[in-house]
Amino acid sequence: MLLHIVARGRIGRSPEAELVDRYLKRISWPTRVTELPDTGGKVPDLQGATKTIVLDETGDSLPSRVLAERLGAWRDDGIREVRFLIGAADGFGDVERAGADLLLSFGRATWPHMLARAMLAEQLWRAASILANHPYHREG
């Protein structure tokens, strides 16, 4: 199952970009990052069975284990791609939120979108490690 981050804004060479690369390289599942300009640009076409997760401060704040279980269930159900959408400074509108399979929040605070991308990459690595029974994740 492809883990695909579609993000508004260019991350360039930055500490956040290094974190994203570091975590995505650890994941054994295929990953992809598509960057779009802050406005406009073409979102890649959906290919087959896809789930869409929109990162939004109004979304559900899921524990890491719950996110991992959701990804594992989708993988086991034959979902070919999980697409994570990260918006620009003004986030998403009602249409994008309504089209999501899941609204995901990293808490009620507003995060810079470059930092949100790094946080998402870490959570994806954490989810993959939970599903693989790797000792990286510890609860409690």
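Which elements make a right-handed β-α-β unit with β3?

1. The structure is a predicted model. The protein has four helices and five strands, and from the N terminus its elements follow the order β-α-β-β-α-β-α-β-α. Its radius of gyration is 14 Å, close to the 14 Å that the globule rule gives for 140 residues, so the protein is as compact as a globular protein of that length. The C-alpha trace spans about 40 × 35 × 25 Å along its principal axes.

2. **Burial and contacts overall.** Of the 140 residues, 45% are buried. The protein exposes about 7800 Å², and carbon and sulfur atoms supply 49% of that area. Among contacts between residues at least 6 apart in sequence, 86% join residues at least 24 apart.

3. **The sheet.** The five strands form an open sheet in the order β2-β1-β4-β3-β5, with parallel pairing. Its edge strands are β2 and β5 (102–104), each of which pairs on one side only. From one strand to the next, the twist averages 25 degrees.

4. **The opening question.** Strand β3, helix α2 and strand β4 make a right-handed β-α-β unit. In this unit β3 covers residues 50–60, while α2 covers residues 64–76 and β4 residues 81–86. Helix α2 packs on the sheet, where it touches β3, β4 and β5, and its direction makes about 140 degrees with that of β4. A right-handed β-α-β unit is also made by β1, helix α1 (residues 15–26) and β2.

5. **Pairing on the β1 side.** Strand β1 (residues 2–8) pairs with β2 (residues 31–36) in the parallel sense over six bridges. Six bridges also join β1 to β4, and these two strands run parallel. Ile5 illustrates both pairings: it stands opposite Val33 in β2, and its bridge partner in β4 is Phe84.

6. **Pairing on the β3 side.** Strand β3 pairs with β4 in the parallel sense over five bridges, and with β5, again in the parallel sense, over four bridges. Val54 has Leu85 as its bridge partner in β4 and Leu103 as its bridge partner in β5.

7. **Strand β4.** Six of the six residues of β4 are buried, so this strand is largely enclosed by the rest of the structure. In a regular strand the side chains alternate between the two faces of the sheet. Both faces of β4 are covered: Glu81, Arg83 and Leu85 are buried on one side, and Val82, Phe84 and Ile86 on the other.

8. **Thr52.** This residue is found in strand β3. Its relative accessibility is 14%, and Thr52 therefore counts as buried, the cut-off being under 20%. Residues up to four places away in sequence aside, Thr52 touches Arg83, Leu85, Ala100, Asp101 and Leu102.

9. **Ile79.** Beyond its neighbours within four places in sequence, Ile79 is in contact with Met1, Ala49, Thr50, Lys51 and Trp74. Ile79 and His4 are 75 residues apart in sequence, and their C-alpha atoms are 12 Å apart in space.

Terms used: Residues are numbered from 1 along each chain as its sequence is written. This is a predicted model: local features need pLDDT of at least 70, side-chain atom pairs count only at pLDDT 80 or more; totals for chains, interfaces and linings use all residues. Side-chain values use heavy atoms; hydrogens and water are left out. Two strands pair if DSSP finds at least two bridges between them. A crossover is right-handed if, with the strands pointing away from the viewer, the path from the first strand over the helix to the second runs clockwise. The radius of gyration is taken over C-alpha atoms; the globule rule is 2.2 Å times the number of residues to the power 0.38. Buried means under 20% relative accessible area, exposed over 50%, partly exposed in between (1.4 Å probe, protein chains only). Contact means heavy atoms within 4.5 Å. Accessible areas come from the Shrake-Rupley method with a 1.4 Å probe; for residues, only the protein chains shown count as cover. Axes are lines fitted to C-alpha atoms, for helices over the stretch in contact, and angles run from 0 to 180 degrees between N-to-C directions.
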